[in-house]
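Please look at the sequence and the 3D structure shown below. The paragraphs after them go through the chain region by region and then turn to single residues.

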Amino acid sequence: MTPLDDPYQDIRDGVRALCAEFPPEYHRKVDTERGYPEAFVDALTRAGWLAALIPEDYGGSGLGLTEASVIMEEINRAGGNSGACHGQMYNMTTLVRHGSEAQKARILPRLASGEIRLQSMGVTEPTTGTDTTQLKTTAVRRGDRWVVNGQKVWISRVQHSDYMILLARTTPITDVAKKSHGLSIFLVDVAEAMASGMQVKPIANMVNHETNELFFDNLEIPEENLIGEEGQGFKYILTGLNAERALIAAECIGDGYWFTDKVTAYVSERQVFGRPIGQNQGVQFPIAEAYIETEAASLMRFRACALYDAGQPCGAEANMAKYLAAKASWEAANACLQFHGGFGFATEYDVERKFRETRLYQVAPISTNLILSYVAEHVLGLPRSF
Ligand SMILES: Cc1cc2nc3c(=O)[nH]c(=O)nc-3n(C[C@H](O)[C@H](O)[C@H](O)COP(=O)(O)OP(=O)(O)OC[C@H]3O[C@@H](n4cnc5c(N)ncnc54)[C@H](O)[C@@H]3O)c2cc1C
């Protein structure tokens with residue numbers, strides 16, 4: 001898309017200007033130290049970018065998922081990693097769409113001002129993985145509280161978040177008509193939970209992405225922190241998951257452009273056998289292919305976001321956008337690393353860091369296989385395989 005017909009050029013310019021204050025050295029240092037980009041996330045918050053999806057009545061800018069996706073795309077395109085802060089975007093969609101007035105009034109203005117963060121969502125469990133409806137964590141009502149027991153794994157940004165959205169089973173699976181019924185979502189005050197009932201154990205991993213195991217031992221959650229209707233949590237969490245897929249697609253698109261820009265510049269300069277390596281079609285074609293796929297993924301991302309913003313079902317498009325974008329960015333990453341030769345492995349080029357970061361999206365938040373399975377069953381009507 002050229003700048004002339006891009007309706008989001010103002011957003012792009014604004015985010016790019018902010019990102020320019022955080023050069024590659026900044027992100028490289030944070031990655032090397034396995035730190036959290038506090039200054040970067042604070043700057044994004046202060047500039048209002050992380051409050052894009054909060055309605056104006058609650059202090060946000062009342063934009064749609066489309067604009068939010070452009071913000072995430074630009075962060076990654078500038079060499080940053082939205083993974084440090086994207087949780088706030090998709091988690092707040094769950095709260096905005098399904099939270100009570102009291103919850104929204106209590107949380108959203110403080111999120112918009114940056115006083116608190118809602119970066120975490122606890123869904124995945126060690127024994128059930130992608131088979132979410134089989135999750136084992138339970139929440140049982142006791143008086144005016146819910147008592148939570150169980151375990152989660154891979155939960156991101158818990159230590160950089162004030163609140164987390166937690167999915168737990170409130171009715172045993174044997175007592176519900178459909179396995180997706182009987183699950184509920186809760187707003188968890190992280191500091192309170194860590195003081196009584198929730199243990200957080202970090203998981204060191206390949207990317208600088210804070211993830212944790214969580215152990216719940218009679219964690220008490222006040223009843224007013226149940227989001228929406230009891231038993232409908234699976235449906236509500238899908239709101240956040242679809243938003244998450246579209247936003248992560250946008251991040252992969254940003255990565256795709258970052259890799260293709262970076263490698264194009266490099267192969268145009270690098271001389272081997274007396275000519276730029278980019279003059280060889282064996283070098284040009286994989287880069288061109290990744291660029292084409294990034295552009296196509298971007299269109300599917302806009303389609304998914306438009307449906308989401310119109311309040312229409314967007315599960316298929318959000319999944320397909322995420323699939324296409326993760327594939328495009330991974331191919332772009334491979335081409336970028338390959339054609340940097342040995343230099344691609346040097347930390348100072350940032351290629352290896354971005355390569356690790358974008359690889360994650362073949363697996364999380366949903367693996368490519370599970371997307372193919374979703375499309376086969378729900379779009380093409382093929383027989384259910386599990
Ligand atoms: C860095 C990171 C951050 C994360 N952050 C969060 C978070 O904040 N909150 C959260 O809840 N979760 C989070 N996750 C978890 C993530 O969503 C899961 O890892 C992902 O959904 C895959 O689940 P799993 O790891 O249990 O894999 P499994 O479900 O065990 O699947 C493993 C592999 O098997 C294949 N597979 C499984 N079933 C099938 C099938 N039926 N057909 C074909 N292939 C199949 C897939 O290829 C899959 O990649 C994070 C993970 C990582 C690595």
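What are the helix and strand percentages over residues 120-218, and how many Å apart are the end C-alpha atoms? Over this stretch the chain is 6% helix and 48% strand, with end C-alpha atoms 20 Å apart. The model is a predicted one, in which local features need pLDDT of at least 70 and side-chain atom pairs count only at pLDDT 80 or more, while totals for chains, interfaces and linings use all residues. Residues are numbered from 1 along each chain as its sequence is written. Helices (H or I, at least four residues) and strands (E, at least two) are DSSP runs, numbered from the N terminus.

Residues 120-218 carry a UniProt feature, "domain: Acyl-CoA oxidase/dehydrogenase middle", from an unreviewed entry. UniProt positions are given in the numbering used here, feature names are shortened, and annotations may be inferred rather than shown by experiment. UniProt also lists "domain: Acyl-CoA dehydrogenase/oxidase N-terminal" (unreviewed entry) for residues 9-115. There the chain is 64% helix and 0% strand, and the end C-alpha atoms are 29 Å apart. The annotation "domain: Acyl-CoA dehydrogenase/oxidase C-terminal" (unreviewed entry) covers residues 231-364 in UniProt. Over residues 231-364 the chain is 75% helix and 3% strand, and the end C-alpha atoms are 25 Å apart.

Now follow helix α8. The axes of α8 (residues 233-269) and α9 (residues 281-309) come within 9 Å and cross at roughly 155 degrees. That makes α8 roughly antiparallel to α9 (angles under 35 degrees count as roughly parallel, over 145 as roughly antiparallel, 65 to 115 as roughly perpendicular and the rest as oblique). The axes are lines fitted to C-alpha atoms, for helices over the stretch in contact, and angles run from 0 to 180 degrees between N-to-C directions.

The 37 residues of α8 should span 54 Å at 1.5 Å a residue, and its end C-alpha atoms are 54 Å apart, which agrees. The expected span is 1.5 Å times one less than the number of residues in the helix. Of the 37 residues of α8, 30 are buried, so the helix is largely enclosed by the rest of the structure. A residue is buried if 20 or more other C-beta atoms lie within 10 Å of its own, exposed if 12 or fewer, and partly exposed in between; C-beta atoms are placed from the backbone.

Glutamate 244 is found in α8. With 25 C-beta neighbours inside 10 Å, glutamate 244 counts as buried.

Leucine 167 belongs to strand β4 (residues 163-169). Leucine 167 counts as buried because it has 24 C-beta neighbours inside 10 Å. From leucine 167 to threonine 138 the distance is 29 residues in sequence and 8.9 Å in space, C-alpha to C-alpha.

Some backbone details remain. Arginine 157, in the loop between β3 (145-156) and β4, has a positive phi of about 55 degrees although it is not a glycine. Phenylalanine 273 has a positive phi of about 60 degrees, and it is not a glycine either; this residue lies in the loop between β9 (271-272) and β10 (275-276). Is each of the two buried or exposed? Arginine 157 counts as buried, with 26 C-beta neighbours inside 10 Å, whereas phenylalanine 273, with 8, counts as exposed.

The peptide bond from alanine 364 to proline 365 is cis, with omega near -5 degrees. Proline 365 is in the loop between α11 (351-359) and α12 (368-379).
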